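Work through the exercises below with the sequence and the structure side by side, and try each task before reading its solution.

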Amino acid sequence: MRRYLFIFALILATTCALTTSSAFAHGVVANSISSKSVAVHFGYAGGDPMSYAEVLVYAPEAKDGDPEFQNGRTDASGNFAFIPNTPGTWSISASDMGHRAEMQINVTGEGIAKAQVSAGLSSQTLRIVLGLSLILNLLAACLFLKRSQRNKRAS
């Protein structure tokens with residue numbers, strides 16, 4: 001009986017992990033798409049754009065608590081652009097419905113030297129962790145039910 005429950009739980013977890021596309025919506029991505037002005041694309045890991053997400057841009061000399069250099073919203077395609085007025089490392093963040101993407105862009109006199117996106121938990125890692133959690137929870141529930149049945153029979 002245990003073997004069948006384990007196989008069932010494994011098949012169910014694998015099916016959920018492979019067929020659920022909504023797990024991709026929890027990750028977000030940001031990419032720099034221009035070299036003179038700073039144009040950034042924000043999107044979810046599944047490929048959908050972060051449409052009309054709130055964007056905050058902080059200048060290189062900004063400290064915690066300082067107001068942002070610029071704020072606004074992405075367009076329908078998840079794009080946002082601004083023209084930096086000084087070289088340095090600019091911080092850009094976009095937030096939408098509890099999701100947040102951040103990136104640092106190093107601007108030189110000649111344009112963008114390097115864009116770094118803050119690393120978060122990838123969708124693949126999230127799916128693996130959620131699948132393992134589902135399997136373990138199903139096994140715990142089966143063992144709990146089996147134990148409660150034994151206790152009823154013993155009474």
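## Aromatic rings and the nonpolar core

Phenylalanine 82 has a relative accessibility of 3% and therefore counts as buried, since the cut-off for that word is under 20%. This value, like those that follow, comes from a predicted model.

**Exercise 1.** Classify the aromatic pair that phenylalanine 69 and tryptophan 90 form, and find where its two members lie in the chain.

*Solution.* Begin with the count, which is 3 aromatic pairs in the structure. For phenylalanine 69 and tryptophan 90 the centres are 4.8 Å apart and the planes make an angle of 75°; an angle over 60 degrees counts as edge-to-face, so this pair is edge-to-face. The pair links distant parts of the chain, with phenylalanine 69 in the loop between strand E3 (54–58) and strand E4 (70–73) and tryptophan 90 in strand E6 (residues 88–96), 21 residues apart.

**Exercise 2.** Decide whether phenylalanine 69 and tryptophan 90 are buried, partly exposed or exposed.

*Solution.* Phenylalanine 69 has a relative accessible area of 33%, so it is partly exposed, whereas tryptophan 90, at 0% relative accessibility, is buried.

**Exercise 3.** Describe the pair of phenylalanine 82 and tryptophan 90, then name the cluster members.

*Solution.* The ring centres of phenylalanine 82 and tryptophan 90 are 5.5 Å apart with 50° between the planes, and the pair is tilted. Phe69, Phe82 and Trp90 together form one aromatic cluster.

**Exercise 4.** Which residues touch the most other members of the largest nonpolar core?

*Solution.* Among its 18 residues, these are Phe42 and Ile92. Strands that each supply at least two residues of this core include E2 (38–44), E5 (79–82) and E7 (99–108).

Technical notes: Residues numbered from 1 in each chain as written. Predicted model: local features only at pLDDT ≥ 70, side-chain atom pairs only at ≥ 80, totals over all residues. Heavy atoms only, no water. Phe/Tyr/Trp six-rings, centres within 6.5 Å; stacked < 30°, edge-to-face > 60°. Helix = DSSP H or I, 4+ residues; strand = E, 2+ residues; numbered from the N terminus. Buried < 20%, exposed > 50% of the residue type's maximum accessible area, 1.4 Å probe, protein only. Core = buried A, V, L, I, M, F, W, Y, C linked by side-chain atoms within 4.5 Å.
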